[in-house]
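Please look over the chain below before reading on.

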Amino acid sequence: NIDATKWGAVKYSFNRKEKKDHGEGGGLVGAGLRDANVLVIDDVVTAGTAMRETIETVKREGGKVVGFVVAVDRMEKMPSATDDDGVPRPSAMGQIRNEYGLPTASIVTLDDLIELLRAKGDEADMERLKDYRSRYLASD
């Protein structure tokens with residue numbers, strides 16, 4: 001349960017996948033963003049495209065993005081044309097930090113998941129994740 005005395009003044013908004021022309025209409029649902037400091041929360045980030053779109057949407061609506069939180073940071077390097085070229089590149093989270101000077105955080109990382117599997121003794125899944133990490137790990 002959310003404590004209304006502590007969190008009652010916090011506003012929320014989310015973007016729709018497609019704009020609606022009925023009900024509230026538009027692409028955003030919830031509180032307006034004008035003059036708001038916005039913490040963006042997302043499930044996962046791959047290339048940072050949605051993060052950049054969000055920054056532009058918030059700016060267009062008169063707000064300011066002050067940071068990003070993702071549920072799972074896969075720690076993946078930015079994609080390339082060849083996808084697995086072995087070249088070190090930063091993650092989307094690192095790119096956003098560098099490009100926009102915004103703080104980023106995650107609830108769990110790929111390393112956390114590997115450690116959990118190690119603690120559970122699940123060697124096969126742990127090795128698959130370690131292989132994935134060695135192939136796609138970002139340089140930051």
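What follows is a short tour, from the whole chain down to single residues.

This is a predicted model, where local features need pLDDT of at least 70, side-chain atom pairs count only at pLDDT 80 or more, and totals for chains, interfaces and linings use all residues. Residues are numbered from 1 along each chain as its sequence is written, and side-chain values use heavy atoms, with hydrogens and water left out.

**Overall layout**

The chain holds five helices and five strands. These are DSSP runs, numbered from the N terminus: helices are H or I with at least four residues, strands are E with at least two. Their order along the sequence is α-β-β-β-α-β-α-β-α-α. Of the 140 residues, 26% are buried (under 20% relative accessible area; exposed is over 50%, partly exposed in between, with a 1.4 Å probe and protein chains only). A contact means heavy atoms within 4.5 Å. Among contacts with a separation of 6 or more, 61% join residues 24 or more positions apart.

**Helix H4**

Leu-110, Ile-114 and Leu-117 are the buried residues of H4. They sit on the same side of H4, because they cover an arc of only 65° around the axis (taken from the directions from the helix axis to the C-beta atoms). An α-helix has 3.6 residues a turn, so residues three or four places apart point the same way. Exposed Ala-119 and Lys-120 lie on the face turned away from the buried side of H4. Just after H4 comes Gly-121, with a positive phi of about 80°.

| Partner of H4 | Residues |
|---|---|
| Strand E4 | 64-73 |
| Strand E5 | 104-109 |
| Helix H5 | 123-136 |

**Strands E3 and E4**

E3 (residues 37-44) and E4 run parallel, joined by seven bridges. Strands pair if DSSP finds at least two bridges between them. Ile-41 faces Val-69 in E4. From E3 the chain passes through helix H2 (residues 49-60) to E4, a right-handed β-α-β crossover. Right-handed means that, with the strands pointing away from the viewer, the path from the first strand over the helix to the second runs clockwise.

**Nonpolar cores**

A nonpolar core is a set of buried Ala, Val, Leu, Ile, Met, Phe, Trp, Tyr and Cys residues joined through side-chain atoms within 4.5 Å. The largest has 15 residues, and Val-45, Met-51, Val-65, Phe-68 and Leu-102 have the most contacts inside it. E3, H2, E4 and helix H3 (92-100) each give this core at least two residues. Apart from it lies another core of five residues, including Met-75, Leu-110, Ile-114 and Met-126.
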